[in-house]
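Colleague: Hi! Could you walk me through this one? I'd like to ask a few quick things as we look.

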Amino acid sequence: MTLEIRKLGVSWTLHCWMCTLATAHEHHLENMIDKLLQDFLQVWPDDCSTQFVDECLPLLFNIFRYSKNEGTILLLADIFQTCFGWESIKRIRDSTLSGGARIDPKFVNNAELSDVQFRVEGRVFYGHKIVLVTSSPRFRGMLSSKLCEGNPPIVQINDIRYHIFQLVMQFLYNGGCETLEVDQNDVLELMAAANFFQLDGLLRFCEAQCSDMVDLDNIVSMYIHAKVYNACQLMEYCQGFLLQNMVALLTYDDSVKRLLFGKRLHNHDVLAGLLLTLQARIKDRNNIMRPGPKPLPSTIPVK
């Protein structure tokens, strides 16, 4: 009935379009779904109402999740791109660059006053407990456990390369990343170390570096690394990149399809995360476009 009325030139309302789309999805009417999606721009509200954000977008993502039709998937991908917009993705702010040195950097791997040693890839690295236990919960645990015995105590570090461990120490002794020089090929490994040693400032630095490296070829790898290493801001950036480039990514290779529609990452639903990111983006845009309440006129007391 609604499609017949539409043929007569009657414009869609968002509510009517949504109800028709939901019915078509429920009854697996693929051709009707595609026709309705092609009408999307006619019903997309300029102000992206609460109904659109909270009801329409979840419906579209639900169709996207379960559709087996390539054309439907690409139509929806184009809709998500349109809704996300081409404004720049929110950049990751590296908040570690202004910190002052915690201790003279000359003490990095310096035996002078050292009271703990680390063995990394068979090599000794000298450390100072006061710097480490006050900076990292992981180091605090290491240096107060039975793993730390002897005089001086020697702690074995596994699964981290020597020069990556050295970068971690430079961050700790310098109190920030201002002088840190990291090769692009080492950023992901350094991010893993930052997560392991629970160093939020270093993790944020790595997230910012990674966000500048994201492209069509590595987006899936970056997304997975962000999830594994609890890099929440990099995850959000990758979600924005996926939404902003979804049509190109879905036609580029199969890795993005496997990420979106394949087996879920551990305790993580990729599509649910993309929906939340898109909803937040639209709400933020609405808040910017919508003027705030006018200030009340000041009252001057009469003497």
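Colleague: How far is the sulfur of Cys-56 from the closest cysteine sulfur, and in which residue is that one?

Modeller: It's 7.7 Å, to the sulfur in Cys-83, and that is too far for a bond. Bear in mind that this is a predicted model.

Colleague: Is Cys-56 buried or exposed?

Modeller: Cys-56 counts as buried because its relative accessible area is 0%, and the cut-off for buried is under 20%.

Colleague: OK, switching topic. How many helices and strands are in the protein chain?

Modeller: The protein chain has 16 helices and 3 strands.

Colleague: What order do the strands of the sheet come in?

Modeller: The order is S2-S1-S3, in an open sheet of 3 strands with mixed pairing. Strand S2 (123–127) and strand S3 (154–157) are the edge strands, each pairing on one side only. On average, neighbouring strands of this sheet are turned by 30 degrees against each other, direction ignored.

Colleague: Mixed how? Which way do S1 and S2 run, parallel or antiparallel?

Modeller: S1 and S2 run antiparallel, joined by 5 bridges. One of the pairs there is Val-116 opposite Gly-127 in S2. On the other hand, strand S1 (residues 116–120) and S3 run parallel, with 4 bridges between them.

Colleague: Who is the partner of Val-120 in S3?

Modeller: Val-120 has Ile-157 as its bridge partner in S3, and Arg-119 has Gln-156.

Colleague: What's going on in the hairpin of S1 and S2?

Modeller: There are 2 residues between the strands, and Glu-121 takes a positive phi near 50 degrees in that hairpin.

Colleague: How many residues of S1 are buried?

Modeller: 4 of the 5, so S1 is largely enclosed by the rest of the structure.

Colleague: Which helix packs on the sheet?

Modeller: Helix H9 (residues 162–174) does, touching S1, S2 and S3. The direction of H9 makes about 5 degrees with that of S2.

Colleague: Nice. Now a loop: where does Asn-245 sit?

Modeller: Asn-245 is in the loop between helix H13 (232–244) and helix H14 (246–252). With a relative accessible area of 17%, Asn-245 is buried.

Colleague: What is Asn-245 in contact with, leaving aside neighbours within four places in sequence?

Modeller: Gln-81, Trp-86 and Leu-216 are in contact with Asn-245.

Colleague: Last bit, the whole chain. What share of the residues counts as buried?

Modeller: 44% of the 303 residues of the protein chain count as buried. The chain exposes about 17,000 Å², and carbon and sulfur atoms supply 52% of that.

Colleague: And what share of the contacts with a separation of 6 or more comes from residues 24 or more positions apart?

Modeller: Those residues account for 69% of such contacts in the protein chain.

Key:
Residues numbered from 1 in each chain as written. Predicted model: local features only at pLDDT ≥ 70, side-chain atom pairs only at ≥ 80, totals over all residues. Heavy atoms only, no water. Pairing = 2+ DSSP bridges. Axes fitted to C-alpha atoms, helices over the stretch in contact; angles between N-to-C directions. Contact = heavy atoms within 4.5 Å. Buried < 20%, exposed > 50% of the residue type's maximum accessible area, 1.4 Å probe, protein only. Areas by Shrake-Rupley, 256 points an atom, 1.4 Å probe, with all protein chains shown as cover. Disulfide = S-S within 2.5 Å.
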